[in-house]
Amino acid sequence: KFSYKKIEELSYVTFYFEGSIDESFSTFNVKPHQNKGVKIDFAKVTSINSIGIRNWISWVSSSPGISFTFLNCPVCVVEQINNVKGFIPENSVIESFFVPYYSEHTGEEKHELYKINKDFQPGKTPVVKPIKDSTGKNMDLDVYPQKYFKFLLKGV
């Protein structure tokens, strides 16, 4: 089930989303203040379904002129950014997102946070970070980089 916490700052409001963006997201009818930017932290989002996508797009498109910044985007959100037109409004900024890694050797999975201007630049495919498993061996990306990092090249 979807829930959120809202924190108002002077020039922006931050929403901390938690759970699944699904049919329960329709209860999220908060309208951002026109003079404030909106930051959305997806760190605790676990999944998103088709009804959630429809409700999400309806919400972001009902807020024209709002400046959106997205933080801690999990794999499920990055997949929607890449595949669903209008999921992210134009002129939005993605400050950070998770990249999945897998170890053939141990079976471990890790999600590594990539941050803007540190690990990636908008408009460029990032250099893949070397991540080690518990035995010290390099882990592999658990996605196709040309597909997963596509949103960075779109100028979102």
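Reader: Which residues of H2 are buried?

Author: In this predicted model, helix H2 spans residues 75-83 and is mostly covered, with seven of its nine residues buried. Counting a residue as buried when its relative accessible area is under 20%, the buried residues of H2 are Val75, Cys76, Val77, Val78, Gln80, Ile81 and Asn82.

Reader: What share of the 156 residues in the protein do buried residues make up?

Author: The protein has four helices and eight strands, and from the N terminus on these elements run β-β-β-α-β-α-β-β-β-β-α-α. Its radius of gyration is 16 Å, close to the 15 Å that the globule rule gives for 156 residues, so the protein is as compact as a globular protein of that length. Within this fold, the share of the 156 residues that is buried comes to 44%.

Reader: Which residues are linked with Glu8 in a network of salt bridges?

Author: Glutamate 8 forms a salt bridge with lysine 6, where the closest N and O atoms are 3.3 Å apart, and glutamate 8 also forms one with lysine 36, where the corresponding distance is 2.7 Å. Because glutamate 8 lies in strand E1 (residues 3-8) and lysine 36 in the loop between strand E2 (12-21) and strand E3 (37-48), this pair ties together parts that are 28 residues apart in sequence. The residues linked with Glu8 in the network are therefore Lys6 and Lys36.

Reader: Which residue does the side chain of lysine 129 meet in a salt bridge?

Author: A search of the whole structure finds four salt bridges, and one that includes lysine 129 has an N to O distance of 3.2 Å. Lysine 129 is buried, with a relative accessible area of 17%, and lies in the loop between strand E7 (109-115) and E8, 17 residues apart from its partner in strand E7. That partner, partly exposed at 24% relative accessibility, is glutamate 112.

Reader: Which residues gather with Asp140 in a patch of negative charge on the surface?

Author: Aspartate 140 lies in strand E8 (residues 140-141) and is partly exposed, with a relative accessible area of 44%. A residue needs over 30% relative accessible area and no salt bridge to belong to such a patch. The residues that gather there with Asp140 are Glu104, Glu109 and Asp142.

Conventions:
Residues are numbered from 1 along each chain as its sequence is written. This is a predicted model: local features need pLDDT of at least 70, side-chain atom pairs count only at pLDDT 80 or more; totals for chains, interfaces and linings use all residues. Side-chain values use heavy atoms; hydrogens and water are left out. Patches are made of residues with over 30% relative accessible area and no salt bridge: like charges are joined within 9 Å, nonpolar side chains (Val, Leu, Ile, Met, Phe, Trp, Tyr) within 5 Å. Accessible areas come from the Shrake-Rupley method with a 1.4 Å probe; for residues, only the protein chains shown count as cover. Lys and Arg count as positive and Asp and Glu as negative; His and the chain ends are not counted. The place of a charge is taken as NZ of Lys, CZ of Arg, CG of Asp or CD of Glu. Helices (H or I, at least four residues) and strands (E, at least two) are DSSP runs, numbered from the N terminus. Buried means under 20% relative accessible area, exposed over 50%, partly exposed in between (1.4 Å probe, protein chains only). The radius of gyration is taken over C-alpha atoms; the globule rule is 2.2 Å times the number of residues to the power 0.38.
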